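Subject: A structure for you to look at

Hello,

Here is the structure I promised to pass on to you. Have a look at it first, and then read on for what I found.

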Amino acid sequence: MTPDYARLYDLLRQVTGYIYPNEIEVHWGILVVVYPYLTGLVAGAFILASLVKVFNVQAVQSVYRLSLLTALAFLLVAPLPLLLHLGHPGRSFEIFLNPNFTSAMAMFGFVYAWYLMVVLLLEIWFTYRRDIVLWAREEKPPMKWIHRTIALFSNDVSERGLAFDKKVVKAITIIGIPSAFLLHGYVGFIFGSIKANPWWSSVLMPIVILFSAIVSGIALVIILYMVITPMRGQKIDMKCLDTMASFLFYTVIVDFSLELLDFIHRLYQSEESIKILSEMVSNRLFISLVIIQVLLGMLIPLVIMVAIRLFRFEEELRKLLYFLSVILIQLGIFATRWNVVVGGQMFSKSFRGLTAYKMELGGIEGLLMTLALLVLPLLVLAILLKIFPAWDLPKRALGGEAVPSA
Amino acid sequence: MERRGFLEKLFAVALPGGVLGLLIRRAPARAEGYEASAHYYGMGIQVDKCIGCGRCVEACKDENNVPREPFFFRTWVERYSVRWRGEATVRNIDRALEGPAEVGGEGEVLRSFFVPKLCNQCDHPPCVQVCPVGATFATEDGVILVDEKRCIGCRYCIQACPYGARYLNPVTEAADKCTFCYHRITKGLLPACVEVCPTQARIFGDMRSTASPLTRFRRMNKLHVLKGHLNTEPKVTYADLDGEVR
């Protein structure tokens, strides 16, 4: 195998100042940007679902199931970019079989398995059990068999059985919230614990990453809700939308404050690395950080959302403004992931120079693969929604759970 | 009952497998009769003796099959030029790199020197801490090695190294770095870079030995380590190190 060095010689010409010679290549490229973005969406969507259950927010009841399924769809795809990025994907099972317990990354297997098996799958199963049983009774094969199997051949829709389901869901949700925090907080810790890298090394990192995750997850569910509802020929429930938007508004404010605190803290402490980091922000990251992450992804949506609260716009305009904000926020959070991951490798640890990153179009680490990885969870979600419809549930509302109407 | 049987079988396979995996320690190839616990290696670098000839870099690449391209180094030499005004400029001395060798106009340079760099073989190594599968490990004789057959190529160690001492070998797709020429030192030979250094700017030895060139170096000089504030506790120590060096 002859590795492709032309790309590296090309990069060499874009280096400014001095970098350690082994630092020319940005080792964690676009795929590692996609990974925290996807898990962030998982954590965010799950926390939105949990709000419904734990705090019993009736207004957003109709997106509860959608949020859960969104979290599952994105969680199923999340390890894929990591796997593709490995030099030896065939050895990835070593992380499970032979983990090094001092490594934050080795904990991935456990955190992921816990979240998938104990939290998401169980919550979804107990949430849907009654409906799956009822669907299976009325359907024709092959859907009948699929639902029978997924219900693990349970057939109990008695009051007692349903009351038990409800209790379990409540318990899982309570375990689930700290688990979602763990899932994404640990992703932040992978970066935040690297003392060699001043751009990453910060106790705030897991918290900032977590709050931006909640922001992106809520924004994603809003987008999905606003797109899917008209596709189903239904009317968007403005009360639900307004409530989700106000959750989004508060989390954006927290997220923005945390990022601002991080920024001011760095600037005020003005450590050894401040010069090279400022150079990086004002050159290499100017568009992705200043323009996309801060201006488009945070300030403009904030202004829009404040305006919506101050002036009672009519429904149609409000919908349009919400949609614009959530798209911008989504773009901004992706840029946040980019700025953390790629930004952390653009400057030399000698603090004397900057390297560059050039994304390819094709190939494993390319733009097309990235787009595919971002679309794939949506396809998975579409399949999940076919098997577990989030709406039009069986009308025989047994037990306590309110059947979503929208 | 069926489920229980399946679970039992699963445990029967997974448990011993996991335990075996934990028990099997990586054993690097060593010469016969070599007692690892009797040694503890380190290196000293006398900055003022380095003339920037780059023979150490060449020898290292030859000895260890490091790709020739100027993006992969187990050791490299930096040239510092501190000017009267403005910042120091630094360059990597390597034959494969183009560009002029001069460092500035007449009278501009205040002081200039070369600094050899390599893996610091830290006593408190961040790379070993972060490796998810334990492919990077510390030997009893104090050297940090990579098991290229176990490395999954996640590159977390490259991110965690404060010194830029690691690279991903494009041929093996595994992390790679200086080993103090472990295959040589366990036979009583010197690392290749030390062997070829014409000015003895690099001094290799056993820190347990009371009478070795390294011990003499450590006794006769004021020593410094790179990025000491990061608490990595390097075993590569520098004499005559300038404050500009990072």
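One definition before we start: two strands count as paired if DSSP finds at least two bridges between them. Please also keep in mind that this is a predicted model.

Let's begin with a sheet in chain B. Strand β2 of chain B, residues 75-83, is joined to β3(B) by five bridges, and the two run antiparallel. One place to look is Arg79(B), whose bridge partner in β3(B) is Arg91(B). Helix α2 of chain B (residues 55-64) packs on the sheet, where it touches β2 and β4 of chain B. The direction of α2(B) makes about 160° with that of β2(B).

In what order do the strands of this open sheet lie? Reading across, the order is β3-β2-β4 in chain B, with antiparallel pairing. β3 (89-93) and β4 (109-118) of chain B are the edge strands, each pairing on one side only. From one strand to the next, the twist averages 20°.

Stepping back, chain B has seven helices and 11 strands. Of its 246 residues, 39% are buried.

Now for the contact between the chains: 41 residues of chain B and 37 residues of chain A take part. On the side of chain B that touches chain A, at least two residues each come from several elements, including α1 (2-23) and β3 of chain B. The most come from α4(B), which gives four residues. By type, that side of chain B has 25 nonpolar, nine polar and seven charged residues.

Enjoy exploring!

Best wishes

Note on methods: Residues are numbered from 1 along each chain as its sequence is written. Chains are lettered from A and ligands numbered from 1 in the order in which they are written. This is a predicted model: local features need pLDDT of at least 70, side-chain atom pairs count only at pLDDT 80 or more; totals for chains, interfaces and linings use all residues. Axes are lines fitted to C-alpha atoms, for helices over the stretch in contact, and angles run from 0 to 180 degrees between N-to-C directions. Two residues are in contact if their C-beta atoms, placed from the backbone, lie within 7 Å. A residue is buried if 20 or more other C-beta atoms lie within 10 Å of its own, exposed if 12 or fewer, and partly exposed in between; C-beta atoms are placed from the backbone. Ala, Val, Leu, Ile, Met, Phe, Trp, Tyr, Cys and Pro count as nonpolar, Asp, Glu, Lys and Arg as charged, and the others, Gly among them, as polar.
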